[in-house]
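Open the model in your viewer and keep the selection panel at hand. The stops below say what to select and what is found there.

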Amino acid sequence: MTHPLNAEGVDPFAIASEAAKQIAEKSGITNHDIALTLGSGWAKAADLIGETVSEIPASQIVGFSKPAVVGHVGTIRSVRLPNGKHALVIGARTHFYENHGVRAVVHSVRTAAAAGAKVMVLTNGAGGIRKEWAGGAAVLISDHINLTAASPLEGATFIDLTDLYSKRLRDLAREVDSTLDEGVYCQFRGPHYETPAEVQMAKTMGGDIVGMSTALEAIAARQAGMEVLGMSLITNLAAGVQSTPLSHEEVLQAGKDAEARISELLAKIVVKL
Ligand code: 8IG
């Protein structure tokens, strides 16, 4: 398949192919069956889902931008699952709010597709609009509302997003934990959290979860023909839903507290995908 070039003559799909080639060379694994992006609170899953074959600093792979947080090197791992499949685990996410553009945001997803992945698991830490999710609930994403006013698609590329977050994969996840709730994820640009009024807007529009990632990545995954499973760890209730102000430290602590539990859950789900 050929893709149109932008003004600089750079084809983002060609860069993703090159990145996939580098990962294959460095890991020795020529084909990955599934890929996972591990967001806040989900990192431990990389150790639990299987045997790490190779761990590569993302900075060694073309197209991955330097991590936003100094001292935190994002890595890309190749993991052999107990079922013999290979998973590409992406611990380096570029957020839209970093202002590197949408291409940078979805490069990891396009690389995963070029590496052979047919299933893309997108996880994140997020705010919950539903009060019953206080205390670190893991929630399946059933759909999204993209409030970034951006898209990873360029030109007249019309892509259907019905059932973007695969019902089949959500059902598989519920075979592991039948109590898993699901909700609509609203991607805001960030990096500020929402005002209480914005949270009410999201709720009125049909949103249940507020975050700063995932929707743009899911669109790129669908464009690449992958099936998407999305999961949010609700580390905080959204602004105004909880009475106290949001603190990044509290959000990180809530993630740490939930990490072992949700990582075990994800490990059990991954072998079914
Ligand atoms: I963790 O409350 C986390 N990420 N937009 N709002 C938004 N992103 C988040 C939130 C939140 N909590």
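Begin with helix 1 (residues 12–27) and helix 3, which pack at an angle of about 55 degrees with their axes 8 Å apart. That angle makes helix 1 oblique to helix 3. Helix 1 passes helix 3 in a right-handed crossing. Keep in mind throughout that this is a predicted model.

To see the contact, show side chains on both helices. From helix 1, select Pro 12, Phe 13, Ile 15, Ala 16, Ser 17, Ala 19, Ala 20 and Ile 23; from helix 3, select Arg 103, His 107, Arg 110, Thr 111 and Ala 114. Coloured by class, this contact of helix 1 with helix 3 shows eight nonpolar, three polar and two charged residues.

On the helix 3 side, select Val 102, Val 105, Val 106, Val 109 and Arg 110; on the helix 6 side, select Leu 216, Glu 217, Ala 220, Ala 221 and Gln 223. By class, the residues of this contact are seven nonpolar, one polar and two charged. Arg 110 is worth a label, as it is listed in the contact of helix 3 with helix 6 and also in that of helix 1 with helix 3.

Next, go to the ligand. Which residues are around the ligand? Select Gly 125, Ala 126, Gly 127, Tyr 193, Glu 194, Val 210, Gly 211, Met 212, Thr 235, Asn 236, Leu 246 and Val 251.

- Glu 194: a polar side-chain atom lies 2.4 Å from a nitrogen atom of the ligand.
- Asn 236: an N or O atom in the side chain is 2.7 Å from a nitrogen atom of the ligand.
- Gly 127: a backbone N or O atom lies 3.4 Å from a nitrogen atom of the ligand.

Finish with two backbone details. Select Gly 190 and Pro 191, which are joined by a cis peptide bond with omega of about 0 degrees. Pro 191 sits in the loop between strand 7 (181–187) and helix 5 (196–204). Then move to the loop between strand 6 (138–146) and helix 4 (167–176), where Asp 163 is found. Asp 163 is not a glycine, yet has a positive phi of about 55 degrees.

Methods:
Residues are numbered from 1 along each chain as its sequence is written. This is a predicted model: local features need pLDDT of at least 70, side-chain atom pairs count only at pLDDT 80 or more; totals for chains, interfaces and linings use all residues. Side-chain values use heavy atoms; hydrogens and water are left out. Contact means heavy atoms within 4.5 Å. Helices (H or I, at least four residues) and strands (E, at least two) are DSSP runs, numbered from the N terminus. Ala, Val, Leu, Ile, Met, Phe, Trp, Tyr, Cys and Pro count as nonpolar, Asp, Glu, Lys and Arg as charged, and the others, Gly among them, as polar. A residue is near a molecule or strand if one of its heavy atoms lies within 4 Å of it. A polar contact is a pair of N or O atoms within 3.5 Å; within protein, one must be able to donate a hydrogen and the other to accept it, and residues adjacent in sequence count only if both atoms are side-chain atoms. Axes are lines fitted to C-alpha atoms, for helices over the stretch in contact, and angles run from 0 to 180 degrees between N-to-C directions. Angles under 35 degrees count as roughly parallel, over 145 as roughly antiparallel, 65 to 115 as roughly perpendicular and the rest as oblique. A crossing is left-handed if the near helix is turned anticlockwise from the far one by less than a right angle, and right-handed if clockwise.
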